[in-house]
Amino acid sequence: MTTTVEVAKPPVRPDGGGTRGPRPGRLRRVGLPYLLLLPALILELLVHLVPMVIGIVMSFKELTQFYIRDWGTAPWSGLDNYRLSVDFDAPVGAALLHSFLVTVGFTLLSVGLCWLIGTAAAVFMQDAFRGRGLLRALFLVPYALPVYAAVITWVFMFQHDNGLVNHVLHDQLHLTDEPSFWLIGDNSFYALLTVSVWKGWPFAFLIVTAGLQNIPRELYEAAALDGAGVWQQLRRITLPSLGPVNQVLVLVLFLWTFNDFNTPYVLFGRAAPEAADLISVHIYQASFVTWNFGTGSAMSVLLLLFLLAVTGVYLALTSRRRSSHAR
């Protein structure tokens, strides 16, 4: 009598594969997204990360105009460039501190006004009316224009003798005793703020408009039936619903404004007035005007650390506030 012993076979998968490793087709499907991201990653490394690392290395060197041809041979200075930058009793540190305070004040005013004007315009344009599409397109013109073309136009408008701003304020409205100098002196801060807000509020308008599309109209209808007015609806429905949108919007506006170099450079040239000495232009002058690239690199690293710290604290606070409201 012969006994037949059956050997258990491994289960067969529905797709026909065996029990051993994944099929080559699955490997291709899993690895394809990473392969598609590889060119962008390489480009990011070349454009941003590699210059950032080089800048950090340069901040520890005594890199002046004598070592421009071969900056790798510049002697190491350790933390001397950083000590010089944060020594607020010395001329270099005092100038950097003044530029930092000017930039903080300018950024807070610019971001606040951009958000306020953009939100007000988006709420106003929320209801349909005749000509709304055309008005939206006109609102986005400052954001769509190239920076250099837009700022150069403002340079002509701020001219002392034949500028449009003085013509309107002094000649037509008689609000000033004499034509003002807008590109020098203390008025340069207000000129820079005006151009920054004019150029930045359409972006806030665009983002808030997109956020308003996600708020159900039924909420406003129910609030109106309960007797809530326009301001109560804005306070109780619109602004809380725009919380996640405003979190990203304010952060992006802050980073863009604090790092803005094109606007003050085109508006004032290589030497910005003291009242409008933003830190981006100040670092440029410290590097390319005085030819002290080591100190300029140290200032850039300090600026990077400050922005990283502010961004981290801001995200932590806003995330914690959203979590507490969700509970």
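## Overall layout

Reading along the sequence, you go through α-α-α-α-α-α-α-α-α-α-α-α-α-α. That makes 14 helices and zero strands for the chain; helices (H or I, at least four residues) and strands (E, at least two) are DSSP runs, numbered from the N terminus. Bear in mind that this is a predicted model, where local features need pLDDT of at least 70 and side-chain atom pairs count only at pLDDT 80 or more, while totals for chains, interfaces and linings use all residues. Residues are numbered from 1 along each chain as its sequence is written, and side-chain values use heavy atoms, with hydrogens and water left out.

Of the 327 residues in the chain, 33% are buried. Here buried means under 20% relative accessible area, exposed means over 50%, and partly exposed is in between (1.4 Å probe, protein chains only). The chain exposes about 21,000 Å², with 66% of that supplied by carbon and sulfur atoms; the areas come from the Shrake-Rupley method with a 1.4 Å probe, and for residues only the protein chains shown count as cover. As for contacts (heavy atoms within 4.5 Å), take the ones between residues at least 6 apart in sequence: 65% of them join residues at least 24 apart.

## The nonpolar cores

A nonpolar core is a set of buried Ala, Val, Leu, Ile, Met, Phe, Trp, Tyr and Cys residues joined through side-chain atoms within 4.5 Å. The largest one here has 40 residues, and F158, L192, F205, L253 and L267 touch the most other members. Helices α3 (91-124), α6 (147-157), α8 (187-212), α9 (217-225), α11 (243-258) and α12 (262-268) each put in at least two residues. The biggest giver is α8, with 12 residues.

What does F205 touch, leaving aside its neighbours within four places in sequence? Its contacts are G118, A121, A122, M125, R136, F139 and L140. There is also a second, separate core of nine residues, which includes L96, F254, F258 and I279.

## The largest pocket

The largest pocket holds about 740 Å³ of space. A pocket is found on a 1 Å grid over the protein atoms alone: where a cavity is a set of points where a 1.4 Å probe fits but cannot get out, a pocket is an open set with protein on both sides within 12 Å along at least five of seven lines, and lining residues have an atom within 4 Å of a point. Grid points are joined across faces, edges and corners, and the volume is the space filled by probe spheres set on the points.

There are 21 lining residues, and P51, M52, S300, V301 and L304 lie nearest the centre of this pocket. At least two lining residues come from each of α1, α13 (279-289) and α14 (293-326), with α14 supplying the largest share at eight residues. By type, the lining splits into 13 nonpolar, eight polar and no charged residues.

Why is α13 described as largely enclosed by the rest of the structure? Because nine of its 11 residues are buried. The buried ones are I279, S280, V281, H282, I283, Y284, Q285, A286 and S287.

W291 has a positive phi near 60°, in a residue other than glycine, and is partly exposed at 41% relative accessible area. Q65, from the loop between α1 (24-58) and α2 (80-86), touches both T290 and W291, not counting residues up to four places away in sequence. The C-alpha atoms of Q65 and F288 are separated by 9.4 Å, though these residues are 223 apart along the chain. Q65 is partly exposed, at 38%.

Buried, partly exposed or exposed: which is H174? H174 counts as exposed, at 59% relative accessibility. This residue sits in the loop between α7 (164-172) and α8, and its phi is positive, near 55°.

Q159 is in the loop between α6 and α7 and is partly exposed, at 29%. Setting aside neighbours within four places in sequence, Q159 contacts N166 and L183. The C-alpha atoms of Q159 and W182, 23 residues apart along the chain, are separated by 7.2 Å.

Methods:
Ala, Val, Leu, Ile, Met, Phe, Trp, Tyr, Cys and Pro count as nonpolar, Asp, Glu, Lys and Arg as charged, and the others, Gly among them, as polar.
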